[in-house]
Structure formats: structure tokens, C-alpha cells
Number of protein chains: 2
Amino acid sequence: MRRKQGLLIVCDGLGDRPIGRLNGDTPLEHASTPNLDRLASQGMVGNVYPHKPGVRVGTDVGHLLILGYDTETYYYGRGPIEAASAGIDLQPGDIAFRGNFATLDGNGRIIDRRAGRITEGTSELASALNGLSLEGGVTVLARELTSHRLAVVFRGAGLSASVRDTDPGATSEGNPWQDPTPLDSTPEAARTANLVREFSIKASRILSNHRVNLARKEEGSLPANFILLRGPGKMGPLPKLSEGFPIRPACVAGDKTILGITRMAGFDTFTDPRFTGEADTWLEGKIGKALELLHSGYDWVLVHIKAPDLAGHDDKPEAKVEIIERWDKAMGLILNEIDLSQCYIGFTADHATPCEVGDHSGDPVPTCIAGVDVRKDGIDRVGERFFRSGSLQNLSARDIFMIQMDLMGRTEKYGS
Amino acid sequence: MRRKQGLLIVCDGLGDRPIGRLNGDTPLEHASTPNLDRLASQGMVGNVYPHKPGVRVGTDVGHLLILGYDTETYYYGRGPIEAASAGIDLQPGDIAFRGNFATLDGNGRIIDRRAGRITEGTSELASALNGLSLEGGVTVLARELTSHRLAVVFRGAGLSASVRDTDPGATSEGNPWQDPTPLDSTPEAARTANLVREFSIKASRILSNHRVNLARKEEGSLPANFILLRGPGKMGPLPKLSEGFPIRPACVAGDKTILGITRMAGFDTFTDPRFTGEADTWLEGKIGKALELLHSGYDWVLVHIKAPDLAGHDDKPEAKVEIIERWDKAMGLILNEIDLSQCYIGFTADHATPCEVGDHSGDPVPTCIAGVDVRKDGIDRVGERFFRSGSLQNLSARDIFMIQMDLMGRTEKYGS
């Protein structure tokens, strides 16, 4: 079977609902998008459910589904995703937590869940915890994430993710950190709870005396003298994409979570400080990198654009229209460069983030797959309402993944 | 519930993609099809996924799905299908192989995997192996298939299909036949591997001295002195269609695989030497036979047409257009003969075989169900692009099976 390449743009949170301020259009319908319109006319379109109708998914689950994973089996919680985002190479059995650098007073009460929104020095602080030994041969891996966040991993045999967060959550200032009670009656949960307690105390001791915190105290900043943990997940086996399909995949993104997920899935990942994950991201640079990767022989290149999601969360429809129009311009570069007889080009979203909802919703997301030999739906305008009569309507993200692999000639025949 | 009849034409490999040489049409869109257009206008249409979006299926799996079988449960591999094609009545527990008559030299090396593409005398040679006894009360069933092929079945208790092929595959001339290593650590696999070895040696002895081979040597042809085995499958229970639905089904086909599958499913099967399975097949004869079977009281008649699939594999879009136009003419006979108020007429495909792919693809296949009381989609032209807005769009082959059974009044009510 002849093999071809594929390029997929994932426009985070792209899907939306009719908005009064846009005369009842969605941002995608409202935007001027000559290049995307041209792309749509060259293929199949539709509104695609990330998982199932009405099910809202997070960015992590949404992306695993775009990559074709059965998330009932392969989603191990946010902790492992964040650890991968931090660059930790997880192994099955690891327990991964999301962590905050926090400030405690002398009585173990929380002064600030974010240690004065610390940004500087977190790499050194995390390093000081990395490699820490706990009871029974358990090792701690720790790595900083954006601003006051870090990833914490317990590595060892017989651990469980069924322990309560030590982070009591928002509006908890003045309260003590939570004791990590086991959440089920297994010996693994009891043991892990004890290890979390041990880690919390040891980490506090190490952090309190750390050079970074002594300097912070001197300058009057809150010291990052404690780690609040939440969202533990037990890593399980995750086959690389290339184990199921003969492809060499690459991802171009600025967002750490996306880089982490695609790295877990076996993608080579490419980023740049100018890929900010914000509205000012260097879109042309991302597209240029994607074209370069396709030329250099990667089979499937995924480009992630975060900004539409942020505009949705912030209820800024005009900003969403603007980022879509900037994206459309960048698509012009692609349409001029790529031979649609050799490479399929598509776009989709991990979920909708309707501006007036201000959060992810379960709406299906506008999706397109174009190419010379793709059946044409005859729809030459992008937008939720125009895509409704397309042939991809009501399929799911995993269907779209399989359709791409089939078009690219990367699937085994079922039967003979 | 009133019961009616049904006629389903399965046009093997009918689905396709836009083809440059056909001005961007698919072959079905390009062909002149007045009768099929009329049929489409009398019912529901759509592009139907054989299994799931993007999943490529083989002819065997595709047909089991058209007959409503859950192939995750009821597909036992190609071996059992081929054995059924050869006319062997399989029982659960049988291990069925696909076999080649081959030529070995005196040192057990392969001179020709196809014994000089032997065609004559294979029935006698297979007969000489049929009934052969192996260790532990295992009996061999052997029956010739087309040209150099045959089906070999081991019948007995405690057998396994987890053994390596003795056929080393294409481009293996000059190499020895492969030892049938067990592929798992069960005693059944070890035992079956020994039986395959025993069969190979005994069969070789019987064939070498067979009259047909002595004559071949005399005339300078390669003797068929060995059986290379591949693709073993363990037959399991397969309920007849009539066990699930009160119907008496019949199949009209030239292709042995289709005749085998439908026979396994409990169809009465009808063939004729003029049903060649090629482009020159006697289409009018097939249709005539189908009409006769409907008149004689069969409830559901399936007519199989192989030629579109062959044209797809050979990348011959013009030939595919031609066979579709011939099929359309034959449909004229049906529309003149059948009372659409008493019999539903439909067509579908087991899978798409796009010419430019040259193999089966995961694309959905054009499908139609017509009848006086069928809801009308108002689409009066056949073709992938015209069917896109039909009511069957994106359903699966098993859905289409159930819709036919429901229309025909052959289903139980779920609940009361």
C-alpha cells in the first residue's frame, strides 16, 4: 500500500457556540479565513466529538484521543502527564503528583499556596529534592514546571495512587496541609500515604534551609518551604504510537503539557522560546518548523496552537477571531508549500472552549482532512454550521485518527 | 409483523476515491447508471463503514459483517474460511490451513512454491491426502482450491492454531520449508507442531509416488510433491443466520471464498461456471438466478459481484466504470421484475478498493436500501458524493444488516 505523509494542526479549544456579540456566529464562522476555506474545499469536514457526545474532556485526554489512544485504558491521571511535561521519563508503577511550591508558617499552617507566586529559583529547589530517598527503597524524582508548579514522582515497588491530596485546594490559606490519608484499604495505599508524609516533612526541611529560600527571606519574599501535592496518578504501560503504526511522528508546540503527552507517545518534539502558548506565539515559526520536519522525512507532524483555548477561557470572542485569522494566514504558507497529492493536511481541536461558557464543553469540534484523493464534501467555508453536512460529522477523535492512518497507508488489514 | 423478502447485491470493492483520470469522479459517480439512480430514488442511501472509520477489512471479514456477524467473536482467520470455500464442513475445534502444492528437491529445499503453477490433477492429489491419520487420532481433511492451492484441516481434540507456517513465503525458492515451531508454550501448540511435521513428511511420501506426479515428471513438469501450509485458524462456533433470524437465505456467487463464507453462515449457495468472478462474468445469469430464488421462496438473496474489486486492485478505473455500467444494465432486469412493495432491494460493498490505492481501504462504501415503504432520501443519483447526505451515512455494515432484517419483519422486539 502506498504511503503518504500527514500534517495535523490542533487548534486547542477551537470549537465554540453562537455568540451574540458576533451576530450569532461562532468565532470560526466569523473570522475571515480564505486559506482554511480553500483547505476545506479540498477534503472532508465535520464536527467531531473528542470522546462521546456531551462529554467534556481535558486537554490531556483530548490529545490522547487525537493520537488514537483508548483513554479508558491509557489515561493515568493528570499527575503522570505533568511529570512527562516536566521532562521526567516515567516508568510503569511510578506514582506522579502535581505539586505547588508553598509557604507554611511555623505551625504547619498555609500562608500561601503558591509561595508568593515564585518563578525564580524553582529549578534549583526541585533539584534539591530530586533523588531523595524514602523508606523501603523509594526514590523521589522532582522537576520544576511553569511558575510555582513542579512534578513529583515516587519510584519504587508496591505503590498506590489512592492517597488524599496534601493540598487542601484554593481558599485554604490559614489551614494546615492535609494529612495524606489512604483512600482505599490496600497495604499499598497505606504505605504510600506514609511515604507522602515522610516526603512532605523531609522536603520541608531541605527547602527551608535552601540558599534560594534564605535569599528570598532576606529580600522579604515568602519562602518556598513546602510542597503541596495533588492529583496523583499511577503510571501504566503506554505503547508508543510507532508500536501500533509504522510512522515516525513529530510534534511542534510551545505548551509543556502537549510536549509531554506527545513525548510519552513517542513523538520527537520541537519547541522554541518564541512558541509562547499565548496569543503572541510565533505561528509562522511553528508552521515553518512543521514544513521542515515533513521535508526531512517525518511521516506525521502535529502542530499545536494554544491561544484559541485561552481566549475561550477568558470569554474573549474577538481575540479568538483574531488568533484564527492569524492562523489562517499561516495556513497560506502551508498551502503554497505542500503537495496535497503526497501529504494530507488536517485540522481539529482537542475540545471546544466556548467563550460564553469560559471552560471546556462537550460540543463536537470543527475538523477537516484534505488531500488530492480525499472524497470532497463540497463545503468551501470553515465553521461549525458549515461543517454540519460534512462526511466527518459526528465521528469521534479516534475515528479521525484512524482515517488519517488509513489514508496515509499505515494500517493493517483486518482479515484477508 | 408482515414479512417481506430482500435482495442484496454486494459489489466487491465498489467504493473508491476521486480519480484524476475521471475528472475527479469516483468510478461509481462517473458511470452512467440510470437503473441504479432509479433504485436510489426509491430508498435510503449513504456511505457505510464496513467495520469502523478508517479500518481496512479483508473480503472475509467484510462479508461476515455484511451478514451481521460480530467479527471480534466469529472471525477465526483465513484458514477456516478457505476450508469452507473448498467445501469442507468445519466443526468447532478444527485447525484449518491454507496450503500450496509445491515442489521440493531431494534435500528438502523449495524448487517452486507453486509446483509449476499446477492446475490439473489437484483434485486427485488432495483426495490422496484426505482421510490421512496422524498420531493421537487426528484426521486430515484435504480439498483442492483454485490452481495450486488447497485447504488442509486437522480434526481431533486438543489442537491449537499457534504454530508457525511451514511456508516461508514469497521469494523463498532455494530455502528449505520452515519447521512448524509452536508459537506459544501450551501443550496443544507443541502437539500440533509435531502433527504438522508428521503431516508434511507423510504427505510428501504419498504425493511423490502419486500417479499424477509420475505423469508430470514424465512430461517434464515439476511434481507437486509437498504441501506448504500457512494461515492456520481454529474454527469456533458459528451460528447459522437462521438461528438468529427467521429467514431462509441464498447466495449467488462465482467466487469460492464468498460461497464458503455464506455456506458457513447457513446460506444455500448457487454458482455456475459462467459466474467467473472476473470482468467477463455472466451478470444477467446471476440476476436471473436471484429472481428465480426469490420466486421459489427464499427470503433473503445475496448476489456477489467480484469484478469491481479486481479493477481496483489493478488500478483500472475505466474497467471499474465499465463493470458498473454492465451491472446497472442487469439491475434493469430486477427493477422490471421485482415488486418493490414485496421485496427490498439494496446494494453495498464489503470494502472500498480505490484504484489509486490498489488495495482495500477504510473508506465507507456506497450503500442503498430501496422499497415502497422505505423512507426516501430524495437522492436520485448513485455515487459516494451524492450519498453523503443520505440517511445511512456513516452507519456500519452490521447496522445495514439489522435495518434490512427489520424492514423484512424478521427481528424480535427488544422489550415489550
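## Chain A: fold and dimensions

Chain A contains 15 helices and 13 strands. The model is predicted. Its C-alpha trace in chain A spans about 70 × 55 × 40 Å along the principal axes. A compact globule with 416 residues would have a radius of gyration near 22 Å, and the 23 Å of chain A therefore agrees with that expectation.

Of the 416 residues in chain A, 56% count as buried. Contacts that join residues at least 24 apart in sequence make up 70% of those between residues at least 6 apart in chain A.

## Nonpolar core

The largest nonpolar core holds 260 residues. The members that touch the most others are Ala151(A), Val153(A) and Val301(A), together with Val153(B) and Val301(B).

Leaving aside residues up to four places away in sequence, Val301(B) touches Leu7(B), Ala250(B), Val252(B), Ala290(B), Leu293(B) and Leu294(B).

## Contact between the chains

On chain B, 26 residues are in contact with 20 residues of chain A. Two elements of chain B, helix 3 (59-66) and helix 14 (384-387), each give two or more residues to the side that touches chain A. By type, the residues on this side of chain B are 7 nonpolar, 9 polar and 10 charged.

## Relation of the two copies

Key: Residues are numbered from 1 along each chain as its sequence is written. Chains are lettered from A and ligands numbered from 1 in the order in which they are written. This is a predicted model: local features need pLDDT of at least 70, side-chain atom pairs count only at pLDDT 80 or more; totals for chains, interfaces and linings use all residues. Two residues are in contact if their C-beta atoms, placed from the backbone, lie within 7 Å. Helices (H or I, at least four residues) and strands (E, at least two) are DSSP runs, numbered from the N terminus. Ala, Val, Leu, Ile, Met, Phe, Trp, Tyr, Cys and Pro count as nonpolar, Asp, Glu, Lys and Arg as charged, and the others, Gly among them, as polar. A nonpolar core is a set of buried Ala, Val, Leu, Ile, Met, Phe, Trp, Tyr and Cys residues joined through C-beta atoms within 7 Å. A residue is buried if 20 or more other C-beta atoms lie within 10 Å of its own, exposed if 12 or fewer, and partly exposed in between; C-beta atoms are placed from the backbone. The radius of gyration is taken over C-alpha atoms; the globule rule is 2.2 Å times the number of residues to the power 0.38.
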